[in-house]
Amino acid sequence: MPNTRHITTGVTRGLEGVYARAEQARGTVLIPPLIGGHALQHVRELRQLLHRRFNLYSFNYAGHGNSEGSFCLSASLANTRQMLDLAMDHGACQRLPLYGIASCFAAMPLLKAVSLRGEPMVKIVLVNAVPQWRLAKAAGHFLNFWRRSDIWHPTWNGLVQAIQAYRDDLLP
């Protein structure tokens with residue numbers, strides 16, 4: 001069974017990255033993070049890929065973890081290109097095929113970076129983390145959030161403030 005304990009973290013050129021190495025790897029997977037998430041989140045969630053002998057690369061966008069700068073769309077694109085270049089260089093040295101996995105927002109910077117680099121990936125998996133919106137369930141969740149918050153004011157202004165707080169809680 002591959003050694004799944006070899007995880008390296010560090011900051012290179014202002015970007016915090018995580019690399020999880022599988023023994024006798026047969027490929028490398030680049031996984032851009034979720035907004036507000038941490039690079040280690042993907043290593044935990046996708047550790048099964050390590051058992052299947054895939055190296056994992058992830059990182060934190062600017063403004064997240066120990067990555068420098070402020071989060072914005074252009075920074076997320078630059079961060080993804082930077083990590084793609086690193087994964088491509090590593091894959092070329094090891095003669096390993098490169099794959100990608102992206103959820104939600106992360107799909108956009110990954111697809112843009114891949115197109116700018118001449119589509120170097122063998123395959124890309126795009127994951128929709130919200131397969132279906134259940135309006136009644138979402139509304140109930142929001143109302144519970146609002147009632148338990150310090151901003152429970154059943155007024156129009158209270159509702160607007162609660163929606164903003166709920167949005168910030170979901171998408172920090």
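This is a predicted model: local features need pLDDT of at least 70, side-chain atom pairs count only at pLDDT 80 or more; totals for chains, interfaces and linings use all residues.
Local features were considered at pLDDT of at least 70 and side-chain atom pairs only at pLDDT 80 or more, whereas totals for chains, interfaces and linings use all residues. Residues are numbered from 1 along each chain as its sequence is written, and side-chain values rest on heavy atoms, with hydrogens and water left out.

Across the whole structure, nine aromatic pairs were found, a pair being rings of Phe, Tyr and Trp (its six-membered ring) with centres within 6.5 Å, classed as stacked for planes under 30 degrees apart, edge-to-face for over 60 and tilted for the rest. The rings of Phe-54 and Tyr-99 form an edge-to-face pair, because their centres lie 5.5 Å apart and their planes stand at 85°. This pair links distant parts of the chain, with Phe-54 in strand β4 (residues 54–59) and Tyr-99 in strand β5 (residues 98–103), 45 residues apart; strands are DSSP runs of E of at least two residues, and helices runs of H or I of at least four, numbered from the N terminus. Phe-54 is buried at 10% relative accessibility, while Tyr-99, at 21%, is partly exposed (buried means under 20% relative accessible area, exposed over 50% and partly exposed in between, with a 1.4 Å probe and protein chains only).

Tyr-61 and Phe-105 are likewise paired edge-to-face, at 6.0 Å centre to centre and 80° between the planes. Ring pairs join Phe-59, Tyr-61, Phe-71 and Phe-105 into a cluster.

Gln-82, in helix α3 (residues 73–94), is buried at 18% relative accessibility.
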